[in-house]
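Please consult the sequence and structure shown below.

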Amino acid sequence: MLLQAQSHTVQARSVATRALQPVARSALSSSVLKVHTAQASLLPHHAGSSVSSSSHSSRCSSSWSPRAAVTTSAAAEAAAAATAEQQAAVEGEWSVLNFYHLVDIADPDEMLARHKQYIADHDLHSVCGRIYISKQGINCQGGGLKTHTQQYVSWVASQPEFQGLFHTLWPADGPMFPKLRLKLKPSLISLAGGMEAIPCTNPDMRATPLDPAAWRHKLAKADASKRVVVMDLRNDYEWDAGHFDWAPRPDEEVFAETPAGGGPDELPSPLKGTDPENTEVMMYCTGGIRCDVYSALLHQKGYKNLYTLHGGIQNYLREEGNEHWKGSLFVFDGRMAINPALEGQLPEGAGLPAAVPCSMCGGKASLPHVNCANIDCNELFIACNECKKQYHGCCCEECQAAPRLLRPIKINGGNYGNWGNYADVDTLGPVMASARNHEGRVARRARRREALQAKRESLMAERQELKAAMKAAMRAAEEAAQQEAEQTTKAAALVA
């Protein structure tokens, strides 16, 4: 905690210095800027998540100098204190906003300009996050001051293209996103081959949405058979944080790898061997957009009985609690994990429960996830606080012997900023190896991707071997039973 506080204090001072310029905004705007910058080191990122490590690094300015920030003047420190007071004045008024709407957009460029103009004209400076627009609609994971997010989403819902917009608004302790990324994207979600060819804007092609109560009722009838398939359409590490009963862990590391081809056999493993005409398929994800898009694809493959969870997991936990749910919910903002059903029930300082045990000792783990302190690994993992300390924030023993850089331990989770934030300040406890080479960032990422791909291929090979062994054992058992039956028949014939 001390290490994190030091890092955030240095960043706050740097922002306060910029706030002293004559062209500075109002005190509240400066407060927003300060907190946005401080929160930049808290966002989750993963190779397959919508918040990539490259985008996160760009948010943590490479030109920022720890040494220069430490020498900030007393006047800047006073300004930082003033902005902190302004921040305290609006504490509790921040929110996280989530919504999406699948609809044909005739002119995405005009739509983008319309959104930018409205935000600028009404000075909604606190609205931040990811707002993507495409020919197939809009997808927003954002936040800001509650008055700003409410005004923005009310305006969006009033637009002719977005009539009937459903949104969720959650209270937050502060800004959960460092900046606004309002842009055009060919696909609103990451999916192999994109989503442009999927008729997801046609409501008749999408699954039947179930409200949380109806979902709970139908889920209670599900079992391990293939009559009702419960399918998690998220990344595998999100499943580790929490999941519904009867939902197997996705074989794919990230949702973007979920089979999306046109062939009848290109299906996720839970649907292999099922009857499209008679199998009920229940799909869920964080907010609902991945399920709506993928259900249109399954509809094209002949599946008739498709159901999605309206409002996603977060809406279910708020309305129905933890019934049929294990663990907590991974989210792609500064909170990293939430569980509305447990609000006010956990001891102070206790982490949220995970659905899986500690990846190192097998004991009880707590959320949020944490990235490996070995910068060349950066694996997102779940562990208990004891193992985080024992392994110095690394995901395994091997990573403790990092050839290049070990970052400070993050016992309470959170994300790392630019590696330069840790490379030059002794008080932050870096470990720079003398054998560090001058390998470029692109080369390092390529090497990490190759290592992860090799790991996935190894796991898939192990699963295939296990399945083959199980099939061989079943065949052997069947043959033995058949031979025994034949011998019994022969013995009976001899007696007769």
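Phe244 is buried, with a relative accessible area of 0%; buried means under 20% relative accessible area, exposed over 50% and partly exposed in between, with a 1.4 Å probe and protein chains only. The model is a predicted one, in which local features need pLDDT of at least 70 and side-chain atom pairs count only at pLDDT 80 or more, while totals for chains, interfaces and linings use all residues. Residues are numbered from 1 along each chain as its sequence is written, and side-chain values use heavy atoms, with hydrogens and water left out.

**Aromatic contacts**

Phe244 forms an aromatic pair with Tyr316, which likewise counts as buried at 0% relative accessibility. Rings of Phe, Tyr and Trp (its six-membered ring) pair if their centres lie within 6.5 Å; planes under 30 degrees apart count as stacked, over 60 as edge-to-face and the rest as tilted. The pair links distant parts of the chain, with Phe244 in strand β8 (residues 242-244) and Tyr316 in helix α11, 72 residues apart. Helices (H or I, at least four residues) and strands (E, at least two) are DSSP runs, numbered from the N terminus. Both residues also belong to one aromatic cluster, formed by Trp215, Phe244, Tyr284, Tyr316 and Trp325.

A search of the whole structure finds eleven aromatic pairs. One of them joins Tyr237 to Phe330, linking helix α9 (residues 236-241) to strand β12 (residues 329-330) across 93 residues. Tyr237 is buried at a relative accessible area of 3%, and Phe330 is buried at 2%. The geometry of the two pairs is set out below.

| Pair | Centre to centre | Angle between planes | Class |
|---|---|---|---|
| Phe244 and Tyr316 | 4.9 Å | 85° | edge-to-face |
| Tyr237 and Phe330 | 5.3 Å | 75° | edge-to-face |

**Packing of α8 against α11**

Tyr316 also takes part in a contact between helices: Pro212, Ala213, Trp215 and Arg216 in α8 meet Asn315, Tyr316, Glu319 and Glu320 in α11. Contact means heavy atoms within 4.5 Å. The residues of this contact divide into four nonpolar, one polar and three charged. In this grouping, Ala, Val, Leu, Ile, Met, Phe, Trp, Tyr, Cys and Pro count as nonpolar, Asp, Glu, Lys and Arg as charged, and the others, Gly among them, as polar.

The axes of α8 (residues 212-219) and α11 (residues 312-320) come within 9 Å and cross at roughly 90°. Axes are lines fitted to C-alpha atoms, for helices over the stretch in contact, and angles run from 0 to 180 degrees between N-to-C directions. The two helices, α8 and α11, are therefore roughly perpendicular to each other, a class that spans 65 to 115 degrees, whereas angles under 35 count as roughly parallel, over 145 as roughly antiparallel and the rest as oblique.

**The parallel sheet**

An open sheet of four strands has parallel pairing and the order β6-β10-β9-β7. Two strands pair if DSSP finds at least two bridges between them. At the edges stand β6 (208-210) and β7 (228-232), each with a single partner strand, so one side of each has no neighbour in the sheet. From one strand to the next, the twist averages 30°. Strands β9 (residues 280-284) and β10 (residues 305-309) run parallel and are joined by four bridges; Glu280 stands opposite Asn305 in β10.

Helix α8 packs on this sheet, touching β6, β7, β9 and β10, and its direction makes about 130° with that of β9. Helix α10 (residues 289-300) lies across β7, β9 and β10 and runs at about 175° to β10.

Strand β15 (residues 366-371) pairs with β16 over three bridges, and Leu380 in β16 is the bridge partner of Asn371.

Cys384 is found in the loop between β16 and α12 (385-390) and counts as buried at 7% relative accessibility. Not counting residues up to four places away in sequence, Cys384 touches Cys358, Cys361, Lys364 and Ala365. Cys384 and Gly351 are 33 residues apart in sequence and 9.6 Å apart in space, C-alpha to C-alpha.

Ser328 lies in the loop between β11 (325-327) and β12 and is buried, with a relative accessible area of 0%. Leaving aside neighbours within four places in sequence, Ser328 is in contact with Ala241, Gly242, Ile338, Asn339, Leu352, Pro353 and Leu367.
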